[in-house]
2 protein chains.
Amino acid sequence: MVTIKDIAKAAQVSVTTVSRALNGYDDVNEETRKKIKRFADQLGYSPNMAARSLVSKKTKTLGLLLSNVTRASSKDNIAFEVLCGMNDRAGELDYDLVLFSTTPQKQKIKSYKNLCQERGVDGVIIMGIRLDDPYLEEIVSSDIPCVLIDIPLQGPNVGYVTSDNIKGAYTAVKHLIENGHSRIGMINGHAQADVSIQRLKGYTDALESSGIPFDPTRVLDGSFSEAGGKEAMYRLLSMHPETTAVFCSSDLMALGAVQAVKGLGRRVPDDISIIGFDNIDLTAYTSPSLTTVNQHKYESGYQAAQLLVDLLEGRNVSHHIVLNTELVKRESVKRLPL
Amino acid sequence: MVTIKDIAKAAQVSVTTVSRALNGYDDVNEETRKKIKRFADQLGYSPNMAARSLVSKKTKTLGLLLSNVTRASSKDNIAFEVLCGMNDRAGELDYDLVLFSTTPQKQKIKSYKNLCQERGVDGVIIMGIRLDDPYLEEIVSSDIPCVLIDIPLQGPNVGYVTSDNIKGAYTAVKHLIENGHSRIGMINGHAQADVSIQRLKGYTDALESSGIPFDPTRVLDGSFSEAGGKEAMYRLLSMHPETTAVFCSSDLMALGAVQAVKGLGRRVPDDISIIGFDNIDLTAYTSPSLTTVNQHKYESGYQAAQLLVDLLEGRNVSHHIVLNTELVKRESVKRLPL
DNA sequence: AAGTCTTTCCAAAACGTTTCGGATCAACTA
DNA sequence: TAGTTGATCCGAAACGTTTTGGAAAGACTT
């Protein structure tokens with residue numbers, strides 16, 4: 001391995017000078033710098049990050065803590081798109097991304113802070129974590145800079161990026177109402193997700209603004225999964241057979257809901273209109289294709305990386321970023337005859 | 001930050017002893033080890049990886065070089081599933097995964113070896129790279145252990161994992177033949193992909209084994225993309241209107257091919273049968289759902305991580321792993337009337 | 001009694017880099 | 001002329017760990 005020392009020897013200067021030359025300090029003669037750079041290139045030098053970060057206390061790496069990177073979640077490849085965005089921005093800002101693979105049992109052994117220290121990351125991006133995860137508390141109290149996705153947490157070293165879930169849900173439900181629906185159900189995720197809370201608010205707001213009374217029994221949880229959505233739909237339709245439309249908190253659940261409708265020998269959208277949330281790739285290909293609320297997944301990863309680096313480098317920026325959503329109209333919603 | 005020194009002071013021993021105690025050496029009294037561990041826990045110690053790898057020359061991290069992690073590739077989330085497998089296995093083996101975000105222009109500046117040295121990874125997994133990528137040559141000649149996905153390269157420090165593409169393609173085309181088809185086209189990826197070469201061989205083998213003459217003009221490239229598949233299909237059908245079935249080297253291209261058929265006012269599978277490759281999630285949801293060849297994506301990532309660590313730790317294992325494929329029969333193939 | 005093992009411990013060097021506090025020398029200032 | 005400034009360079013310490021080559025002390029062997 002070629003070290004700074006080898007360059008020093010070759011260029012007949014001290015290691016200090018080599019270091020300062022390579023790092024762009026201005027107390028080194030341009031001639032010497034040129035010479036040093038020439039030797040560095042010639043010898044194929046590349047700095048040893050371990051040594052560098054040992055003294056500088058910075059690693060130039062961001063940790064990514066995915067709580068649920070499993071095969072199961074691959075169908076909605078939201079995580080992947082977010083990851084792409086993060087990776088791209090991190091790369092542009094000259095940071096590396098390291099993946100933390102934590103499992104619940106590992107979490108018990110190692111504290112969040114220990115995990116980060118051990119992996120030696122400057123900061124962390126966390127996504128897919130539940131509101132009742134024991135890590136959350138540790139995160140806010142820790143001094144390690146951290147950006148959360150879809151969890152609104154404040155703190156000097158904590159930021160978050162999320163979508164405008166209230167408005168997104170509001171727009172979706174409003175769209176159903178404008179199409180003549182009034183007996184509208186909702187399949188939500190679970191109580192320990194902030195997005196569920198927000199989207200429920202969007203749902204109730206929309207109903208209220210149209211003078212439709214809110215009936216809590218019309219809202220069921222589907223745990224964000226296809227199977228959960230299917231099962232919730234069965235229950236919803238048996239409890240409220242008069243339902244003409246359903247708003248789902250995720251596309252995967254909406255897909256499950258469609259299956260349930262089909263399973264009952266009824267049709268989407270002729271008998272039941274369905275709107276999803278996320279705009280995952282699948283939704284454009286199913287039949288009927290799914291009307292849904294688009295989330296900017298790539299962008300949220302991109303922004304998360306940017307925000308974390310801003311935090312790390314002490315820039316004074318807003319700690320929370322809320323991205324727009326848009327309604328994507330497809331085939332799963334039908335206008336009710338008057 | 002709590003260091004080994006703090007523990008030494010607290011436990012009234014030398015740093016050497018702390019290090020050896022914590023690392024499980026047997027020349028330290030069990031009593032002392034207990035005491036040291038107690039202090040370590042109590043002080044919340046976690047080892048500094050930078051310091052450790054500075055002396056040990058190991059970083060316990062694997063690099064992942066994805067040549068095409070872009071928004072575009074998110075639809076076929078193959079990369080993501082592979083990544084999940086790698087991440088899982090790497091985690092189990094106590095390695096971290098760091099993502100390299102290389103762009104073509106970055107590649108020009110920094111050599112493969114420099115990249116790896118700089119990021120300080122013990123080894124690298126590479127996927128999505130083309131056969132004509134300038135990096136490839138560097139990779140084999142470099143002494144950095146490396147595992148390639150879908151590129152058969154040999155070397156003391158090089159391994160690869162891939163699917164049995166010949167057999168997969170063979171089975172698919174044979175399936176078409178068994179369903180009465182004989183005028184079978186193929187939409188391949190591009191010439192600089194090993195899988196394309198392999199799958200073409202499977203195609204020709206199947207034809208040959210059934211006494212059907214191979215006509216090169218029936219094979220077109222669709223560059224592995226949906227749009228490319230669509231365009232190739234248009235060309236194929238205009239050149240060979242008698243075609244009754246098409247085997248595609250990827251599901252995405254198959255989806256494009258289906259669109260082309262529909263665009264011509266014809267139907268799948270009634271007028272044209274289509275088989276894809278990969279078994280991406282989408283294929284189960286389209287209409288018609290797509291008959292395809294399943295690839296074990298998660299498994300290939302898992303095996304790649306395992307193989308790389310085996311290489312790193314000097315285990316004597318086979319350097320190439322070939323995974324099975326299976327035909328997944330769905331709705332896009334129709335039996336021709338005799 | 002002298003030598004030989006064990007067991008348990010430690011001092012110091014090494015890894016490759018950055019940084020602090022000067023040192024040197026020529027040129028300029030008063 | 002003496003002092004000051006500016007440009008350019010360097011020695012040595014520091015970062016936190018592992019590892020090498022013993023040392024000390026007690027037990028056992030002859």
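Predicted model: local features only at pLDDT ≥ 70, side-chain atom pairs only at ≥ 80, totals over all residues.

Residues are numbered from 1 along each chain as its sequence is written, and chains are lettered from A and ligands numbered from 1 in the order in which they are written.

**Exercise 1. Work out what relates chain A to chain B, and describe where they touch.**

Step 1: Superpose the copies by least squares on the C-alpha atoms of residues with pLDDT of at least 70 in both.

Step 2: Look for contacts, meaning C-beta atoms, placed from the backbone, within 7 Å. You get 36 residues of chain A in contact with 36 residues of chain B. On the chain A side, two or more residues each come from α4, α5 (78-92), β2 (96-101) and α7 (112-119); α5(A) gives the most, with 7 residues. (Helices are DSSP runs of H or I with at least four residues, strands are E runs of at least two, and both are numbered from the N terminus.)

Step 3: Sort that side by residue type: 15 nonpolar, 13 polar and 8 charged. Here Ala, Val, Leu, Ile, Met, Phe, Trp, Tyr, Cys and Pro are nonpolar, Asp, Glu, Lys and Arg are charged, and the others, Gly among them, are polar.

Step 4: Compare the two sides. Since 100% of the interface residues of chain A are also interface residues in chain B, the copies meet through the same surface.

**Exercise 2. Find which residues come nearest to DNA strand D, and which element gives the most to the surface near it.**

Step 1: Count a residue as near if its C-beta atom, placed from the backbone, lies within 6 Å of the strand. Of the 27 residues around DNA strand D, the nearest are A:Asn29, B:Thr3, B:Ile4, B:Ser19 and B:Ala51.

Step 2: The top contributor is α4(B), with 5 residues.

Step 3: By type, this surface has 12 nonpolar, 11 polar and 4 charged residues.

**Exercise 3. Trace the open sheet of 6 strands in chain B.**

Step 1: Strands pair if DSSP finds at least two bridges between them. The order is β7-β6-β8-β9-β10-β12, with mixed pairing. At the edges, β7 (219-221) and β12 (325-328) each pair on one side only.

Step 2: Zoom in on β10 (residues 291-295) of chain B, which is joined to β12(B) by 4 bridges and runs antiparallel to it. B:Gln295 sits opposite B:Thr325.

**Exercise 4. Say where A:Phe224 lies and whether it is buried or exposed.**

Step 1: A:Phe224 is in the loop between β7 (219-221) and α11 (226-239) of chain A. Its phi is positive, about 60 degrees, though it isn't a glycine.

Step 2: Count C-beta atoms, placed from the backbone, within 10 Å: 20 or more others is buried, 12 or fewer is exposed, and in between is partly exposed. A:Phe224 has 24 such neighbours, so it's buried.

Definitions and conventions. Contact = placed C-beta atoms within 7 Å.
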